[in-house]
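Please walk me through this protein in plain paragraphs.

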Amino acid sequence: MKKLESSLLNMVLVLTAISLIAGGTLAYINKVTQGPIAEINAKNLQDGIKKVILGSQPGDLKVEEPVEANGYTLYKTDKGTAVKAVTNGFGGPLEILVGFNEDGNILGYTILATVETPGLGVKADTWFQEGGKGNIIGRNPGEKELAVSKDGGDIDAITASTITSRAFLNAVNAAYQAFKGNTSDAASGASVQVGRVENATGTGSDSIH
């Protein structure tokens, strides 16, 4: 009996030690990777803003401090406004970034994050681009709300993926509404450091190269 109790005690102690070591290791890994992951996300966002505003055109952007509006984030630049929106697709959250010119025409878009079925996220990132079957570039959701043909619209849905297509277009429409509600210069001249430049008044502003 004593031998059995001793074995159980040893087992509990070993399992406890393993749990503590594993927990400590995970905490350390999380702390070590937290910074690099944040840097990668920030870089992806900067690249995304440039992509949806400039497309393939060369040039720099001056970006103002982001504005939060009812769950949406607006990044006003000197060449247009990028709006980040999140919607629920077929497999879960779908995070997109849409660029608009001052008239509300779509300059470009990109998908920042998705948990859709493998392949669907990639298709959505190209399907609605210029030259794609569901091209929305140059469209203005204020003139006509974007919708797939099954919903009475004139945009072709991704093959065998109407739910994802509908969710994506709803997110673009919502991003447009957020954009229209913040067309006035809500942000001041403050800006985050991306590449410091001097504007005409001598004060700093963001710049994405």
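**A salt-bridge network and its surroundings**

Arg139, Lys144 and Asp154 are joined in a network of salt bridges. A salt bridge here is a side-chain nitrogen of Lys or Arg within 4 Å of a carboxyl oxygen of Asp or Glu. Before the details, a note on the source: this is a predicted model, in which local features need pLDDT of at least 70, side-chain atom pairs count only at pLDDT 80 or more, and totals for chains, interfaces and linings use all residues. Residues are numbered from 1 along each chain as its sequence is written, and side-chain values use heavy atoms, with hydrogens and water left out.

Arg139 is partly exposed, with a relative accessible area of 22%. Asp154 is partly exposed at 43% relative accessibility, and Lys144 is partly exposed at 43%. For these labels, buried means under 20% relative accessible area, exposed means over 50%, and partly exposed is in between (1.4 Å probe, protein chains only).

How many salt bridges does the count come to? The count comes to four. One of the salt bridges joins the side chains of Asp78 and Lys79, at 3.4 Å from N to O. Asp78 is partly exposed, with a relative accessible area of 45%, and Lys79 is partly exposed, with 42%. Side chains of opposite charge can pair when their charged atoms come close.

**The overall fold**

The protein has three helices and seven strands. Helices (H or I, at least four residues) and strands (E, at least two) are DSSP runs, numbered from the N terminus. Along the sequence the pattern is α-β-β-β-β-β-α-α-β-β. Of the 209 residues in the protein, 35% are buried. The protein exposes about 12,200 Å², and carbon and sulfur atoms supply 56% of that area; accessible areas come from the Shrake-Rupley method with a 1.4 Å probe, and for residues only the protein chains shown count as cover. Among contacts with a separation of 6 or more, 50% are between residues 24 or more positions apart. A contact means heavy atoms within 4.5 Å.

**The nonpolar cores**

In soluble globular proteins, nonpolar side chains tend to be buried together. A nonpolar core is a set of buried Ala, Val, Leu, Ile, Met, Phe, Trp, Tyr and Cys residues joined through side-chain atoms within 4.5 Å. The largest such core has 29 residues, and those with the most contacts inside it are Ile96, Phe128, Ile136 and Phe168. At least two residues of this core come from each of strand 1 (67-69), strand 3 (80-88), strand 4 (93-100), strand 5 (106-114), helix 2 (120-127) and helix 3 (162-180). Helix 3 gives the most, with eight residues. Leaving out residues up to four places away in sequence, Ile96 touches several residues, including Val83, Ile111, Leu112, Phe168 and Val172. Another core, of nine residues, lies apart from the largest one; among its members are Ile53, Tyr75, Ala82 and Leu97.

**Along helix 3**

Helix 3 also holds Thr164 and Ser165. Thr164 is buried, with a relative accessible area of 1%. The side chain of Thr164 makes a polar contact with the side chain of Ser161 at 3.2 Å. A polar contact is a pair of N or O atoms within 3.5 Å; within protein, one must be able to donate a hydrogen and the other to accept it, and residues adjacent in sequence count only if both atoms are side-chain atoms. Ser165 is buried at 0% relative accessibility. Not counting residues up to four places away in sequence, Ser165 touches Phe128, Val148, Ala157 and Ile158.

Phe100, Tyr176 and Phe179 form one aromatic cluster. Rings of Phe, Tyr and Trp (its six-membered ring) pair if their centres lie within 6.5 Å; planes under 30 degrees apart count as stacked, over 60 as edge-to-face and the rest as tilted. The count comes to five aromatic pairs. Phe100 and Tyr176 are edge-to-face, 5.9 Å centre to centre with 65° between the planes. This pair links Phe100 in strand 4 to Tyr176 in helix 3, 76 residues apart. The rings of Tyr176 and Phe179 are tilted, because their centres are 6.3 Å apart and their planes are at 45°.
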